[in-house]
Amino acid sequence: MPLLQLKDIELYYEVHGRGQPIVFLSETASDGEVWKIHQVEEFSRDHQVILHDYRGTGRSGKPSIDYSTKMFCDDTAALMDHLSAKKAIVIGHSMGGRIAQLLALEHPNKVDKLILASTGAAFPATKGLPLKICQEMIEWGYEKYVRDHSILVGFTDEFAKKNPERVEKYLQVRMANLCPVEFYLRHLIARQSHDTTGRLKDIRVSTLILVGEDDRNVTSDINHRSSSEILAQGIPNAKLVVLPGERHSYFFANPAAAHKTIREFIASS
Amino acid sequence: MPYVKTKDGVDIYYEAFGEGTPLLFLSETACDGAVWKIYQIPEFGRDHRVIIFDYRGTGLSGKPSAKYSTEMFANDAAAVLDHLGLEDAVVCGHSMGGRVAQLLALDHPRKVSKLILASSGAAHPGETGIPLRIAKEMVEMGYEKYVREHTIVVGWTETYAQQHMDLIEKYLKVRMANLCPVEFYFRHVLARQEHDTSGRLKDIKVPTLIFVGDDDHFVVSDLSHRAGTDILAKGIPNSKLVVLPGERHSYFYTEPEKAHGIMRDFLKSKMMQGNRNVS
């Protein structure tokens with residue numbers, strides 16, 4: 001079990017393959033396991049793939065304190081230091097993309113290229129726990145909420161109907177080690193408080209912005225489709241690619257198009 | 001069924017009992033007005049015009065899925081008093097109801113002759129939004145179980161709960177009977193957490209009785225009612241603080257005589273008949 005002892009917690013991580021480092025950063029309250037469904041196999045062929053469990057998730061420490069995306073960013077930076085990983089390609093999905101932005105801003109030497117997948121810079125109108133999420137978690141129960149919400153946000157109805165086995169394969173991994181609800185909520189608060197809006201102009205590395213064209217679910221105040229546009233307008237050296245027919249979780253059930261776009265971006269920039 | 005329609009179109013359910021000086025009761029967070037019927041209506045309905053109502057989002061009142069605020073609740077209370085043609089009421093607010101009562105005195109001064117702020121406060125300075133602890137416990141325990149158990153732990157000391165579960169159950173039957181949907185519980189919590197009259201306490205000019213249980217130390221977000229009450233007593237010029245020994249948050253509903261005696265003393269006290277907020 002590769003565990004890195006940080007100042008206040010142990011951080012679980014895995015490394016696969018050799019080559020230019022690629023750091024994968026998961027969505028809210030999700031551990032690193034999800035990248036092992038498709039991305040580790042694809043990118044470890046010619047990269048050093050680094051994934052980890054955020055504090056509060058998976059096998060990492062779970063202190064009952066306030067979390068922030070800055071804290072997740074510093075944990076990631078400490079892991080990269082430990083692995084002597086420099087000039088990495090950083091792929092952040094959803095909340096992971098917010099952390100990736102901070103990594104590029106606060107630790108510029110560590111980041112060669114950014115891939116911001118289905119993410120944004122801020123939730124301008126909703127700080128703190130979104131009422132809708134709390135309400136649904138209580139009405140449906142925590143596990144059912146995460147499961148149903150993952151399906152609804154992740155996949156179009158058509159895709160879920162045609163490919164139930166691919167959706168289930170992802171959910172099996174996503175739900176396998178679900179963090180206690182306290183830490184899901186701590187992650188939500190961290191995500192809602194994140195705001196890099198005024199700093200996007202300072203992100204200097206080549207940035208690929210990916211989003212599903214149908215990623216329009218609104219849990220608090222802005223959807224990923226709209227917030228990806230804000231990223232594309234704010235980051236100077238950015239390219240926006242909209243994935244047709246996709247919602248939020250193409251990485252885990254329909255990765256081919258995303259992988260192709262990422263490969264082309266890595267080769268070209 | 002007696003309703004008042006507010007300016008923004010919400011039906012507010014109210015009830016009025018007895019004749020005499022108007023006495024308005026304001027409930028705690030996400031609690032309708034029915035809880036006052038257990039002991040306060042029989043006691044004060046004898047010689048007061050006692051008014052209770054269901055906050056928007058609770059009981060028989062309208063429940064718009066919109067943002068709520070304590071200002072809004074105060075305006076709803078004022079609309080009920082207007083509808084009944086009442087001014088110069090004694091306003092007794094419990095917990096969040098005490099926050100609403102402060103705003104009623106500040107923003108609708110003609111309506112208020114005296115304030116009774118029971119187990120309340122002026123602000124939750126450290127935490128806005130839905131407190132993590134509430135969300136976590138509601139998810140883990142379920143909504144109804146949370147309200148029930150939270151009410152008990154906040155309401156009474158362990159010793160009291162062990163000895164008087166029958167009295168507590170009598171209250172819980174009323175409290176839980178018409179529990180609002182969880183959405184509106186949260187909308188009330190959000191309204192409460194955002195309330196802040198800290199800078200305006202000095203402008204509350206009416207005689208104010210503040211009371212609190214000496215064991216009301218439970219912290220849901222950032223400040224206990226015991227501590228919140230001291231801030232009120234320091235900030236409100238014409239106020240008197242009474243600490244109820246051995247009590248937590250819900251003495252009104254199981255040990256009402258203690259609170260009623262203090263309220264009656266305050267109501268007849270000549271010393272405290274000071275200025276209303278308007279001259």
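1. Let's start in helix 10 of chain B, where K268(B) and D265(B) sit three residues apart, which means about one helical turn separates them. (Helices here are DSSP runs of H or I with at least four residues, strands are runs of E with at least two, and both are numbered from the N terminus.) The two side chains form a salt bridge, with the closest N and O atoms 4.0 Å apart; the term asks for a side-chain nitrogen of Lys or Arg within 4 Å of a carboxyl oxygen of Asp or Glu. K268(B) is exposed at 60% relative accessibility, while D265(B) is partly exposed at 45%. (Buried is under 20% relative accessible area, exposed is over 50%, and partly exposed is in between, using a 1.4 Å probe and protein chains only.)

2. A word on what you're looking at: this is a predicted model, where local features need pLDDT of at least 70 and side-chain atom pairs count only at pLDDT 80 or more, whereas totals for chains, interfaces and linings use all residues. Residues are numbered from 1 along each chain as its sequence is written, chains are lettered from A and ligands numbered from 1 in the order written, and side-chain values use heavy atoms, with hydrogens and water left out.

3. Another pair in chain B is K258(B) with E247(B), a salt bridge at 2.9 Å, N to O. K258(B) lies in helix 10 (residues 256-268) and E247(B) in the loop between strand 8 (239-244) and that helix, so the bridge ties together parts 11 residues apart in sequence. E247(B) is buried at 3% relative accessibility, but K258(B) is partly exposed at 38%.

4. Over in chain A, R55(A) and D8(A) make a salt bridge, again with 2.9 Å between the closest N and O atoms. R55(A) is in the loop between strand 4 (47-52) and helix 2 (69-82), and D8(A) in the loop between strand 1 (3-5) and strand 2 (10-16), so parts 47 residues apart in sequence are tied together. R55(A) is buried at 3%; D8(A) is partly exposed at 45%.

5. Chain A also has a salt-bridge network linking E14(A), E33(A), K36(A), D53(A) and R59(A). Over all chains, the salt bridges come to 48.

6. Do look at strand 5 (residues 89-94) of chain B: six of its six residues are buried. One face carries A89(B), V91(B) and G93(B), the other V90(B), C92(B) and H94(B). Strand 5 of chain B runs parallel to strand 3 (residues 21-26) of chain B, joined by four bridges, and L23(B) stands opposite V90(B). (Strands pair if DSSP finds at least two bridges between them.)
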